[in-house]
Every structure is written in C-alpha cells, then in structure tokens.
Amino acid sequence: MTVTTPPPEPARTPMTVSGAHGTPPREPDGAYLDHAATTPMSAAALAAFVAVAQRTGNASSLHSAGRTARRTVEEARETLAKALGARPSEVIFTSGGTEADNLAIKGIFWGRRAQDTRRSRVLVSGVEHHAVLDPAFWLAGHAGAEIVLLPVDGEGRLDLDALRAELAAHADETALISVMWANNEVGTLQPIRDVVRAARPYGIPVHTDAVQAVGQTEVDFTESGVDAMTVSGHKLGGPVGVGALLAKRDLALDAVLHGGGQERGVRSGTLDTASIAAFGVAASHAVGCMPERAARLSALRDDLVERVRAAAPTAVLRGPEPTPHPAHDPDTAADPSPGSTGPVDRLPGNAHFTFPGAEGDSLLYLLDSAGVQASTGSACQAGVPQPSHVLLAMGVPETEARGALRFTLGATSTEADVDRLVAALPQVVARAQAAGLVSGRGQGGMA
Amino acid sequence: MRVLAAMSGGVDSAVAAALAVEAGHDVVGVHMALSRNRDQFRTGSRGCCSIEDAGDARRAADLLGIPYYVWDLSERFEETVVADFLSEYEAGRTPNPCVRCNEHIKFEALLDKATALGFDAVATGHYARIETREVPLPDGGRRTVRELHRSPNDAKDQSYVLAVAGADRLARALFPLGGFASKDEVRAEAARRGLSVSAKPDSYDICFVADGDTRGFLQSRLGSRPGAVVDTAGEVVGEHGGAYSFTVGQRKGLGLGRPAADGKARYVVDVQPTTNTVVVGPAELLSVDRITGEKALWFDGVLAEPTPLVGPVVPPADVVPDPDGWFDAEVQVRAHGAPVPARVRSAAPAGDAYGDGVPEGERPPSADGSHRAATAMEIELTGAPLRGVAPGQSVVVYRGTRVLGQATVSRAWRAPATDRAR
C-alpha cells in the first residue's frame with residue numbers, strides 16, 4: 001500500500017530541560033504513537049504563543065495593554081468559533097478539557113435543576129472519559145444526582161434504544177445527557193446526531209466531549225445540534241492548559257469557578273491570552289487540514305492494523321473495524337467484526353488492540369525499551385494502569401482488558417513509526433506473554 | 001547486566017538503585033503498587049505505599065536518569081501476603097508479612113516477571129550480603145555456592161526476612177547495601193547524590209495496616225467474634241472481640257478486669273481458634289526450648305549457573321551432623337531478636353504436610369529447585385529457653401553471619417525436665 005508523506009512540518013528544535021542537578025532527561029526519540037494523549041504543538045501555534053506571551057496585558061483591563069489582550073482573545077474566540085461551526089458568543093474558554101467537562105456536567109445539572117427540582121437524572125454513556133464520569137458521580141455523592149450509565153455495544157457504540165427507552169420513561173426527571181463525540185481509547189465515533197434527535201422532543205440538553213474528535217473528523221457545533229461541546233488545545237496542536245466549552249446562549253449553565261465574572265460569568269479567572277491565541281491558531285489549522293490529514297492517517301492506521309495483525313496474530317482489534325476487509329484471511333486476523341462493513345466509524349489515527357496472555361504494563365515497558373511509545377489507553381493512578389472501564393463496558397473480560405495497548409497517530413506520524421512498532425512487536429508480545437504466564441495472568445487464546 | 005531496581009520511594013532502595021547504576025548495569029526502576037486504593041500522602045511510619053512514595057521513587061529515578069515504571073502487584077499481594085496474614089491469625093498463629101512479601105512478591109512475582117521480561121537480576125535496598133564461594137566437587141570439578149550473610153549493620157540486618165527466598169532465587173538478587181555498616185552511611189550516600197529522600201523517615205509498621213493498628217485491621221477484615229479469655233485452669237477471666245487478634249506472648253491489650261490471684265503479670269500462652277478461646281497464664285509458660293519447623297529450606301547445594309541443583313534435601317554439606325543428624329548452630333525467631341545457640345536437624349515432616357495426598361517422603365523437589373517441598377526442621381535450644389515463640393513465625397538458622405536454613409514454626413514447647421538433662 002502507499003501512504004502519502006506528511007505535510008512538511010517546520011523542524012522542531014530539541015529542547016533539553018534539566019533540573020538543578022542530576023542527569024538531564026533523555027529527549028524522547030523513536031516512534032511516538034500516543035498522539036491521543038498529547039500531540040506536538042504546531043509551529044504556527046507555538047509562534048503565536050511566544051508572540052503573545054511576550055506582551056503584558058490582562059484582557060479585563062481597560063487601558064491600552066488590556067485592550068490589546070482583549071482583542072487577541074476575541075480574535076481567537078472568533079477563529080475557534082469559525083473552525084467549529086459555532087458563534088463567538090458560544091465559546092467559553094477554560095483551562096482545558098477536564099474543566100470544560102466539569103463545567104458542562106455540573107453547570108448544566110445545577111442550571112436545569114434550578115428550573116425544575118425533579119431533574120436529577122444524569123445520562124452518560126458507560127465509555128465516557130473520567131472528566132465526565134467523575135463529575136457526574138461527584139454530583140451523585142454530593143448533590144442528589146442519579147447517574148444512568150448508558151450501555152454500549154461490543155465496539156463501544158452507544159445503544160440508542162436504551163437511551164430512547166430511558167428518555168421515554170424518565171424525561172421529566174432528566175437534567176442532561178452527555179455522550180462523547182469519539183472515544184479516547186478505542187476511537188469509536190458516537191451517533192451524536194441520533195442522540196440529539198432523541199433528546200430534542202423532550203428539550204433535554206445534550207453535551208458532548210469532542211476533545212478527541214476535532215481535527216480528526218468533521219465537527220460542527222451548530223449543525224450537530226448539541227447544546228454544549230468540550231474541546232481541548234493540546235489534542236489538536238495547541239498548548240496544554242487551554243480548552244473551551246461551546247455552549248448555546250440559552251443553555252441553563254451555572255458557574256463552577258466564581259470570581260471576576262469573566263466568560264459570561266460562568267468561568268471566572270484571568271484569561272490566558274497567549275494560550276488562547278495559540279489554541280485558536282492550532283484549531284483553525286487542525287480543522288483546515290483535517291480532510292487531507294484524516295485521509296493520510298486513516299491509510300497509515302489501516303497499514304498499522306494490518307501489519308500488527310500479521311506480526312502478532314493473536315492480537316484482537318478493539319473498536320470498529322477501520323476498513324472492510326474483503327480479502328480477509330482468517331488465519332492471520334482475529335475478530336473480524338463482521339457487522340462493521342458500513343462507513344468507517346472510527347477516528348482515523350486510532351488503533352487499539354488487546355494481546356491475549358500479556359499485561360499492558362509489560363507490553364508498554366518492552367515497547368518503550370524498543371523506542372516505541374504507546375499507551376495502555378486507560379486511566380492511571382500514580383502510574384498504575386487500571387482495567388479499562390471502556391473495554392469492560394464493551395463486554396471485554398477483565399483478563400483480556402489487561403492486555404490492552406492503544407496506538408494513536410498524529411500530524412508528525414510517518415510510515416517509519418509503524419515500521420519500528422512492527423519490527424519490535426513479535427518479540428515484545430512473546431516476552432510479555434511469557435511474563436503473563438509467570439505472573440499467573442496467562443489465559444487462553446494463544447492459538 | 002540488565003537490572004530491575006525495586007524502588008519503594010525510600011532512601012534504601014534509591015541508594016541501591018544508584019549503586020547499581022554506578023556499577024555499570026543497565027538499570028530500570030520499578031515501583032510496586034501493592035494496593036489499588038492508595039492514600040495520597042504518606043502517614044506516620046508507613047513508608048512505601050502511598051502515591052507520594054511512588055512520586056518519591058519517580059524523582060529518584062529521574063535523578064539517576066533511569067526509566068521508571070509502576071507495576072501493579074496488588075492482586076498478588078492481596079492473594080498471598082494479606083490472605084496469609086488473615087488466615088494465619090485466624091488459625092491462632094503469628095505471621096510475619098514481611099517474610100511472606102519477600103517469599104511471594106519481591107522474590108517471586110516481581111523476580112519472575114522481571115526474568116521473563118529479560119532482566120538478569122533484581123536489586124533491592126535490603127541490608128544483607130550475598131557471598132559466593134567456590135567449592136571442589138568429588139569429580140574434580142568445582143561449583144559455586146551462594147551464601148546469604150548478615151549485614152554488618154546489626155540494627156538493620158534483614159537476612160532474617162530474606163532467608164525464606166532461598167539461595168536459588170537470591171542468585172538473581174542484588175543487595176547493593178549489603179556492605180553498609182550503618183543507615184547514616186546510606187543517608188550520606190543519598191545526600192551526596194542529591195536524592196531528595198535522603199532524610200525521609202524510616203518505615204517500621206506493616207505497610208498495609210494503617211496506623212499500625214493490627215487488631216483494628218483484623219477486625220475490619222474478619223469481623224467481630226466475641227469469645228472468652230480463660231486462665232490455665234479454664235476459668236473465664238475476661239472477654240475478647242476475636243481470638244484471632246491475639247498472639248502468644250502478648251501482654252498488653254488483654255483487657256482483663258481483675259488481676260491474677262498471685263498478682264503476677266499474665267500473658268497470652270495459647271490461642272485456640274476452634275473454640276475462639278484465648279488462654280492467659282504466667283510468663284513461665286512461655287518458655288520454649290523445642291521448636292519444630294515446616295516448609296524448611298536449606299542454603300546448600302546451589303549452583304550459580306545455570307541450573308540449581310535439585311536433589312535430596314540435606315543440611316549444608318560443610319556442616320557435619322552427628323549420627324542422628326544434629327548439628328550445632330544458632331537460631332533466630334524474630335526479625336530483631338538475638339540468635340540463640342541450638343542443635344538443629346533436618347527431618348521428614350510428619351504425614352502429608354501439604355494436605356494434597358502426597359506423602360512427604362514421595363514428594364519430588366519443586367521445579368524451581370527451591371527445596372521448599374519436602375522437609376521439616378527440628379530445633380533444640382542448648383542455652384536459655386526463649387519466650388513467646390509462636391507457630392507461624394519464621395525461624396532462621398545461622399552459623400555466625402551465614403544463613404544455613406529457614407522454616408516456619410509449626411510447634412514450640414518446653415521439653416519435660418527429664419529430657420532437658422540430655
């Protein structure tokens with residue numbers, strides 16, 4: 001197969017940051033296959049950040065420096081709104097995706113319940129990011145919310161019938177619905193428009209966490225019909241520490257951060273002008289490049305999937321089959337997911353596998369040693385991968401969920417990255433399976 | 001060598017990792033997560049299991065310029081160390097969880113996983129020495145005997161809790177702190193390298209028992225089981241919330257309302273799990289001069305490379321037993337106890353010690369050569385009797401600084417006076 005070369009990225013100068021003493025950190029090299037965790041800042045975004053960070057000015061100040069900062073913020077707001085199909089007044093800048101999710105879940109819950117005290121149900125899919133799940137469960141513990149975890153199918157896609165049934169039975173008691181645009185672990189695209197269609201007759205607001213989707217697939221806030229949408233800077237070539245909640249102007253939304261009344265009064269705090277400027281530039285660039293980049297990354301990802309299956313025949317792809325495999329060879333591929341022959345409903349840069357008999361931490365360590373940086377895909381506590389709630393919600397048994405690895409591609413990914421992964425993989429999987437056997441986690445499926 | 005440095009977040013393991021790096025090994029730091037629900041901050045004298053400790057280990061690895069990972073061994077820890085801790089207390093015995101952690105976690109789960117992943121050795125911050133010695137073989141060849149020795153740092157010596165790992169597993173262990181004579185020296189080495197943990201307090205308590213409240217932990221896991229405290233005549237003298245939370249030799253916390261008739265202090269002299277009864281009596285009843293150990297292992301007959309000698313389990317070859325199998329040694333029954341003189345011999349355990357239908361005489365040596373399967377140990381103290389030796393404790397046999405063997409106490413008693421005269 002052929003894979004087009006990536007658009008030329010300006011050379012990045014390696015930067016070495018050292019502490020006051022000790023051995024300087026090694027500059028990461030090798031194949032970086034964890035773009036869903038964070039992806040390099042684009043050169044244009046970095047330049048914008050540096051230019052703005054050199055200026056003083058609080059966007060809430062009334063003098064000249066303040067006006068300059070405010071203008072920068074408002075231009076970025078317009079740029080971001082345009083890139084995402086929203087109105088500028090619908091953009092609420094935050095410190096990132098987690099804050100935007102917290103604002104959406106808590107703010108809409110409080111706002112809706114203030115209108116009608118019966119509204120205590122919060123409907124979220126079982127595969128949401130912890131930035132959605134944890135605020136929801138916090139509301140259950142502290143504010144009398146009832147959490148309804150909506151089921152998903154074996155590919156991680158929302159069960160719409162379950163949502164409809166839930167709404168038919170409890171619409172009056174429902175505060176909000178939150179379903180992510182695309183899953184961060186297995187890359188499944190969710191039927192957001194169907195969710196909106198189901199919710200609209202009842203007037204129930206829909207929030208979507210689109211952190212993984214922007215710049216990867218087409219995302220249009222207004223056209224989607226959702227009432228609130230979370231986006232993040234560092235997942236699309238902007239800086240870490242900035243994000244936004246897009247929220248319709250008539251949405252009942254209470255503040256989480258109280259203070260100076262910035263951002264419609266729902267998100268107080270001095271605006272991070274430099275990060276916001278860089279975020280706008282990065283989002284505009286990512287969305288503009290999306291069709292071309294998505295095509296390139298899909299092809300590279302399909303190649304990765306095919307070659308991983310060849311290199312590690314026991315590997316099981318999780319999430320939707322990225323492309324239909326008409327000449328599917330049953331000897332070399334596992335879990336062909338026969339149901340998924342329609343349009344590709346997976347993020348272009350995402351591939352996710354479980355490796356039977358191996359543990360994710362062994363795979364991660366061995367690949368890291370071989371210069372391949374991947375992720376177990378699930379949340380960590382102090383570096384300990386927990387069994388993925390996403391895989392468990394998809395019905396994957398816990399023993400299999402332990403052997404998960406996620407490979408995610410981005411702007412700087414090349415065929416050489418895939419080569420490096422595929423070259424290392426057979427020995428890595430064999431070793432990790434041997435380690436799985438001695439640690440008593442061995443299991444069947446090693447055909 | 002490719003070396004996995006086990007890093008708890010404490011000063012000892014950090015310096016051990018540093019020394020492994022400086023010895024030229026290719027070192028990777030690994031912090032073992034032994035609980036899924038860990039506290040954010042270290043509290044009191046627990047020093048290994050909080051997220052803060054994992055962070056300390058990470059910063060030490062950063063400074064040393066080595067990769068760092070956290071491995072989740074929490075399930076294995078719960079299934080082995082914690083489960084053993086609970087079941088031993090339930091059975092009226094006195095477990096040592098640090099011994100079981102070395103046996104099942106550090107020198108089994110961690111070591112085996114490291115070996116499978118391509119590491120040659122695991123380095124830890126234990127205070128003990130491994131020495132190798134070439135011995136001639138009858139056929140003219142030579143073999144390497146690997147010995148475990150006490151640390152020159154008497155106060156910190158950990159050979160007692162390491163002996164259970166056995167020579168074959170310790171062949172893949174590195175103890176870079178083995179030569180250090182004091183903790184202050186180790187702290188100085190840490191400070192010299194700029195390791196932020198150089199002044200971190202030592203940890204003493206059982207790592208999974210919050211606040212050192214063993215009884216509270218047992219009650220939370222085993223539930224309340226009220227029962228009677230009786231004296232040696234069988235008279236009820238008090239109540240308790242669960243016999244499992246008492247250990248032989250215990251004096252404090254008995255909660256007896258009235259003093260003994262003779263006014264003397266009373267100790268737990270027996271814990272009877274089947275009747276949920278705690279028996280108290282005078283200190284004299286705690287005196288012990290006979291000990292039987294089960295699951296004995298001996299530190300002889302170990303080839304360094306490549307295959308451990310798997311064969312009949314006998315006492316060390318350079319120990320010359322008398323015709324009945326007895327030889328002179330010293331034994332230690334507590335982590336910080338003093339060694340006492342004794343006669344020791346290897347013996348076949350009575351009957352089917354493992355309850356799996358295999359008589360001990362017919363049990364083949366274990367596949368990894370750890371010699372754990374088929375032997376018991378008999379001990380006669382030749383000096384003053386010991387007090388408070390309880391089943392479940394580890395007994396380690398020494399000659400000087402060298403560890404000869406280890407077993408788990410299955411029975412301890414005072415021989416009749418007529419026997420003692422021997």
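**Entry 1: the contact between the chains**

I looked up where chain A and chain B touch in this predicted model, and the contact takes 16 residues from chain A and 20 residues from chain B. Two residues count as in contact here if their C-beta atoms, placed from the backbone, lie within 7 Å. On the chain B side, α2 (51-64), β3 (68-72) and α4 (97-116) each supply at least two residues. I noted that α2(B) gives the largest share, five residues. Helices (H or I, at least four residues) and strands (E, at least two) are DSSP runs, numbered from the N terminus. By class, this side of chain B holds twelve nonpolar, three polar and five charged residues. Ala, Val, Leu, Ile, Met, Phe, Trp, Tyr, Cys and Pro count as nonpolar, Asp, Glu, Lys and Arg as charged, and the others, Gly among them, as polar.

A note on the bookkeeping: residues are numbered from 1 along each chain as its sequence is written, and chains are lettered from A and ligands numbered from 1 in the order in which they are written. Local features need pLDDT of at least 70 and side-chain atom pairs count only at pLDDT 80 or more, while totals for chains, interfaces and linings use all residues.

**Entry 2: one helix pair**

Next I checked α12 (residues 415-438) of chain A against α4(B): they pack at an angle of about 160 degrees, with their axes 8 Å apart. Axes are lines fitted to C-alpha atoms, for helices over the stretch in contact, and angles run from 0 to 180 degrees between N-to-C directions. That angle makes α12(A) roughly antiparallel to α4(B), because angles over 145 degrees count as such. A:R431, A:A434, A:A435 and A:V438 of α12(A) meet B:D112, B:K113 and B:A116 of α4(B). I sorted the residues of this contact into four nonpolar, no polar and three charged.

**Entry 3: chain A on its own**

I then turned to chain A, which has twelve helices and 14 strands. Of its 447 residues, 52% are buried (20 or more other C-beta atoms within 10 Å of the residue's own, with C-beta atoms placed from the backbone). Among contacts in chain A with a separation of 6 or more, 75% join residues 24 or more positions apart.

The domain assignment, automatic or from a database, gives domain 1 (45-284) and domain 2 (290-438). I found 20 residues of domain 1 in contact with 24 residues of domain 2. The domain 1 side divides into five nonpolar, twelve polar and three charged residues.

Key. Buried ≥ 20, exposed ≤ 12 C-beta atoms within 10 Å, placed from the backbone. Parallel < 35°, antiparallel > 145°, perpendicular 65-115°, else oblique.
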